[in-house]
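Notebook open, structure loaded. I want to go through the rings, the metal site and the surface, in that order.

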Amino acid sequence: MKLERRLRRIASITSLAVAFLMIVLKVWAWLATGSVAMLTSALDALVDAAAALATFVGVRYAQQPPDPAYRWGYGKAEAIAALMQALFLAGAALALIFQSTARLIRPEPLDEIGLGLWVIVLSTVAAAGLVAMQSWVLGKTDSTAIAADRTHYATDIAVNLTVLAALGTTLLTGWRRADPAFALAISGYMLWNARGIAADALRQLMDRELAAKDREHIKDAVLACPGARALHDLRTRDAGDRVFIEFHLEMDGTLPVTRAHAIADAAEKAAGALFPDGAEVTAHIEPAGIRDERLDDKVQAKDGEGGSSA
Ligand code: ZN
Ligand code: ZN
């Protein structure tokens, strides 16, 4: 699909170019107007553009194949990039909250509000145009990156409209605290956004267990294999580029190793097939009914989530 790749490329380059242009315009408008709301939306756009770049590099890095030094692969690089993005966003948001609060206490008049309005209307139209273009491209191709980018520009429109409201209110009512008040709302949103990104990244970095539904599917797939009697100590994690799955597989204890290994292989394949993006599955073979020291028993005490043995 040559056309598809070209469309995606054009979509990414256009969105990057527009993002850059909007940042320059907004910084200029901030300097001209002195509006904190404008500064907030400029910084939001700047962090977003940096994040898009970091994600691009992070994903590439994470997709490297395993090598002798990193035999689990590089999947976590993506989560680290996301965590750094969240920290930058949170840092910018905190600085802006500080700045907005200071302006709320000691309000200052705005200059050149007309120019600010033009810039913000222009960037709202540009963001709307990008959303329309990306929707069109998404109709022709299927790219999660472009889908994420589109969501991002959709929230960008909301941020722009907030700045518009800040400038408009100041122009119409002359109320000096309108600008920092709206800026505070945007920076609060940025902080909330950072929290969400960080939580997602930390889940991955801390090797959180997959959803209970996924665990059930794995158990069902394994136990459907002929010769598999039971399984316990199922343990999973999502490394970004693929998932890792391990479990203890109980089978007839008198089977020859060759036969047992074949059953374990089939069970590993069945579990891995549930994850088309890639899975590494390891089964530990045990004679059925063995009373070994179990992880399942240790985690039982906490709560049922993803815990109970099969
Ligand atoms: Zn066991
Ligand atoms: Zn083997």
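I call a residue buried under 20% relative accessible area, exposed over 50% and partly exposed in between, with a 1.4 Å probe and protein chains only. This is a predicted model, so I keep to pLDDT of at least 70 for local features and 80 or more for side-chain atom pairs, while totals for chains, interfaces and linings use all residues. Residues are numbered from 1 along each chain as its sequence is written, chains are lettered from A and ligands numbered from 1 in the order written, and side-chain values use heavy atoms, without hydrogens and water.

**Entry 1: rings**

I looked up ring pairs of Phe, Tyr and Trp (its six-membered ring), taking centres within 6.5 Å; planes under 30 degrees apart are stacked, over 60 edge-to-face, the rest tilted. I got three aromatic pairs. One of them is Y61 with Y74, edge-to-face at 5.4 Å centre to centre and 80° between the planes. Y61 sits in helix α2 (residues 36–62) and Y74 in the loop between α2 and α3, 13 residues apart. My helices (H or I, at least four residues) and strands (E, at least two) are DSSP runs, numbered from the N terminus.

Are these two tyrosines buried or exposed? Y61 is partly exposed at 45%, whereas Y74 is buried at 11%.

Next I took W72 and F244, also an edge-to-face pair, at 5.3 Å and 75°. W72 is in the loop between α2 and α3 and F244 in strand β2 (residues 243–251), so this pair ties together parts 172 residues apart in sequence. W72 counts as exposed at 57% relative accessibility, and F244 as buried at 6%. I also noted that Y61, Y70 and Y74 form one aromatic cluster.

**Entry 2: a charge over rings**

I count a charge as over a ring if NZ of Lys or CZ of Arg is within 6 Å of the ring centre and within 35 degrees of the ring normal. The charged end of R237 sits over the ring of W72, 4.9 Å from its centre, and over that of F244 at 4.4 Å.

**Entry 3: zinc**

Which residues hold the zinc ion (ligand 1)? I find H232 (NE2), H248 (ND1), E286 (OE), E286 (OE) and D292 (OD), at 1.8 to 2.4 Å. Donors here are N, O and S atoms within 2.8 Å of the metal (3.2 Å for Na, K and Ca); water is not among the atoms, so sites may look incomplete. The spacing reads H-x15-H-x37-E-x5-D. H232 and D292 are both buried.
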